[in-house]
Every structure is written in C-alpha cells, then in structure tokens.
Amino acid sequence: EPVYPCKQVCAEFLKQCELDLPELTMEFLISSCLLLSNGSSSCTQCYTPPNFRTNASKPGKSPK
C-alpha cells in the first residue's frame, strides 16, 4: 500500500509553488491535501522527507 506525503508536506509544496501553478490546479491540489493524514499516531501513516522544514514566514493559500 502506498504511503502518501503528510498534510504539512503537501501544504508547504503548495505554498512554495502557488505562483507557478494555475488557479484550477491549485484548487484541486488544496482539496487533495486536505484528505492527507497529519501524521499523528491515530491517523494513517504518512511520509515526511528528512530535514523537512516549513517556510512559515511566507504567506500562502495552502491548507493548514
């Protein structure tokens, strides 16, 4: 069974790439990110890359 990225990884990707993606694509990806696990022990396993850091100072439309 595949292991999908954690919600915060997806949100960070969207935040960093939002200016490069069309609006319709962003809307689809945002709704897809909301379906992902947040990685807590009670949720489905998800993947966070090694040394993953968010850029919390950069504003964006991504899900939190």
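Predicted model: local features only at pLDDT ≥ 70, side-chain atom pairs only at ≥ 80, totals over all residues.
The partner of C46 is C6, and the two sulfur atoms lie 1.9 Å apart. The link joins distant parts of the chain: C6 belongs to the segment before α1, C46 to the segment after α2, and 40 residues separate them. C6, at 3% relative accessibility, also falls under the 20% cut-off and so counts as buried. The torsion about the S-S bond of C6 and C46 is about 85°, which means that this disulfide is right-handed.

The structure holds two disulfides. The other one is formed by C10 and C33, with sulfur atoms 1.6 Å apart. This pair, too, links distant parts of the chain, with C10 in helix α1 and C33 in helix α2, 23 residues apart. C10 and C33 are both buried. Their link has -70° about the S-S bond and is left-handed. When the bonded cysteines of the protein are numbered in sequence order, the pairing reads 1-4, 2-3.

The values for the two links are set side by side below.

| Disulfide | Sulfur-sulfur distance | Torsion about S-S | Handedness |
|---|---|---|---|
| C6 and C46 | 1.9 Å | about 85° | right-handed |
| C10 and C33 | 1.6 Å | -70° | left-handed |

The secondary structure consists of two helices and zero strands. Helix α1 covers residues 7-17, and its buried residues are V9, C10, A11, E12, L14 and K15. Among the elements that cover these buried residues is α2, residues 23-33. An α-helix has 3.6 residues a turn, so residues three or four places apart point the same way. C10, one of the buried residues of α1, is also the residue through which α1 is bonded to C33 of α2.

Turning to the whole chain, the protein has 64 residues, of which 25% count as buried. Contacts between residues 24 or more positions apart make up 76% of the contacts in the protein with a separation of 6 or more.

In outline, the model has two helices and two disulfides.

How values were computed. Residues numbered from 1 in each chain as written. Heavy atoms only, no water. Buried < 20%, exposed > 50% of the residue type's maximum accessible area, 1.4 Å probe, protein only. Helix = DSSP H or I, 4+ residues; strand = E, 2+ residues; numbered from the N terminus. Contact = heavy atoms within 4.5 Å. Disulfide = S-S within 2.5 Å.
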